[in-house]
Structure formats: C-alpha cells, structure tokens
Amino acid sequence: MSVPTLSIVFMALATLFAFAIPVVLLIYYRKKGADILPFFIGCAVFVIFALFLEPLMHQLVLKVLPVGKTIMGNTLLYALYGGLAAGVFEETGRFLAFKTVLKKKLGNDRNALMYGAGHGGIEAILVLGFAYIGNIVMSVLINAGQTDLLTATATGEAAEQLKTVLDSLTATAPYTYLLGIVERIVAITTHICLSVLVWFAVKKPGKGWLFPLAILLHAALDGILVILAAHLPAAAVEGCLVVMALGLVLLARAVWKKNAEI
C-alpha cells in the first residue's frame, strides 16, 4: 500500500496554509491599527491554557479518577466534558489576559481581533501544521518502502498506534486533507469572535455576562463537534461547523457594532 501523491500535495497545501494564515492576519490587523503584543499574548495563552493546563486536568479526570472510564465510554458525556473543559480553560485564559497583561491595550478595540488571530493562529500551526509535516514525512517513507524506519523502535501500544496512523495515511481519501484548511478557518474565526465577547466582558461595565456566554458557546461548539464526528462523515461535520461559525460571527458582529469604539 502507498499514500496517493495527491494526498501528499494536499497535506503540503494545508501545512502552508497553517503557517501562512497567522502571519497574514498579523499583518492585516496591524495595518488596521491593532498593536502587535495581543497577537503574541494570544499565542502564549493558547499554549499555557489549552496545551499545558487543560491536559493536566484531563490526566486527572480521565486517567486517575474512577469517573474517567464512564466519561470515555459515553459519547454524550465525553462531548459535554470535553466541551466544557475547552471552554473554561481557553475563555478563562482570554479573560485573565485582558484583565492583566493586556489591560493597558483595552483602549484599542482592534486588539481583540489581533488577540483572537494569535490564539487561533498558533493553534493552526501546532495542531494542523506540525501534524501534517509529520504525516508528510511518514507518507514519503511509506512510498519509499522504508516503513521499517518508523516501526523499528515502536513496541506495545505505541506500535499499535503507529500502525493505525500508517494505515490511515494509505486509506484516507486525498480531499480529506483539504478539510483541515476549512476546519482551521472555522477555528480561527471562532477564536476571533469569542475574543470579541470576552474583550467587552472585561472592558464594558454591565457586560460581564458575555464571559460565561463565551464559555458556553465554546463548550457547545466543541461538544457538538464530538457528537457529529461520531455519526457523520468528515465533510458533513465541517459543513455543520461552518454554519455554526457563521452564527457566532453574526453574534460577535452585533456585540462589536454596539460596543466598539473605532
């Protein structure tokens, strides 16, 4: 079995997109008058809260506590737990960033957009970009008949997981890799919209309710994604996400028009 050349091409395109879009957004929002600092604070908050603190809780809840097996064995419970965890950690990270290191930047509302670009942009690089780079390397080795270089040192559960990945690369339809681009566009758009909600929750008196709303919306989007992925093909899932993201855009736009001082 080999990996279709078109799959490798599409993975390369998705990787290029993952690295390019954050840079494009950084330049665009900078030209619109936003400061640079919020972009990099957004990057840092995602790494700290989504890639470090949240996984620590997952290790405790899913691996140590007895309730973990129950959650993992029930799609609905897993969707609810995973969605709430992502919502609480990431939106709290935004809230704290706006309250502390970005407090002096609240006078420029475009910084909310710049922060969201950084938060979602670094996620695109780490989740899509680096993952697809690894997939491309493995695909090239598969097509060169050198899979032994990948499997030589893998044993036990690691070997089984690696075999699953290799089988997936050869069996997955090429177009599927382009869906990663759609998913990242939706994710970055979502992060920018949620940043707008939390931004005004921090900045505007009487708008604190936008913070828990952002948590609930984030949780709902992630939870619904888990449920849809268990029952629908990837293309249908992405289509549903696009529709939900458009709804969030309309909400964020309404909040922006009512509160932004531009």
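A salt bridge here is a side-chain nitrogen of Lys or Arg within 4 Å of a carboxyl oxygen of Asp or Glu. By this rule the structure has seven salt bridges. The model is predicted, so local features need pLDDT of at least 70 and side-chain atom pairs pLDDT 80 or more, while totals for chains, interfaces and linings use all residues. Residues are numbered from 1 along each chain as its sequence is written, and side-chain values use heavy atoms, leaving out hydrogens and water.

**Salt bridges**
- R94 pairs with E91, with the closest N and O atoms 2.7 Å apart.
- D35 and K105 form a salt bridge whose closest N and O atoms are 4.0 Å apart.
- D35 is in the loop between α1 and α2 and K105 in the loop between α4 and α5, so this pair ties together parts 70 residues apart in sequence.
- D109, K203, K204 and E261 are linked in a salt-bridge network.

**Helix α5**
- Helices are DSSP runs (H or I, at least four residues), numbered from the N terminus.
- α5 covers residues 110-143 and reaches 47 Å from first to last C-alpha, close to the expected 50 Å (1.5 Å times one less than its number of residues).
- Of the 34 residues of α5, 24 are buried, so the helix is largely enclosed by the rest of the structure.
- Just after α5, G145 has a positive phi of about 70 degrees.

Methods. Helix = DSSP H or I, 4+ residues; strand = E, 2+ residues; numbered from the N terminus. Buried < 20%, exposed > 50% of the residue type's maximum accessible area, 1.4 Å probe, protein only.
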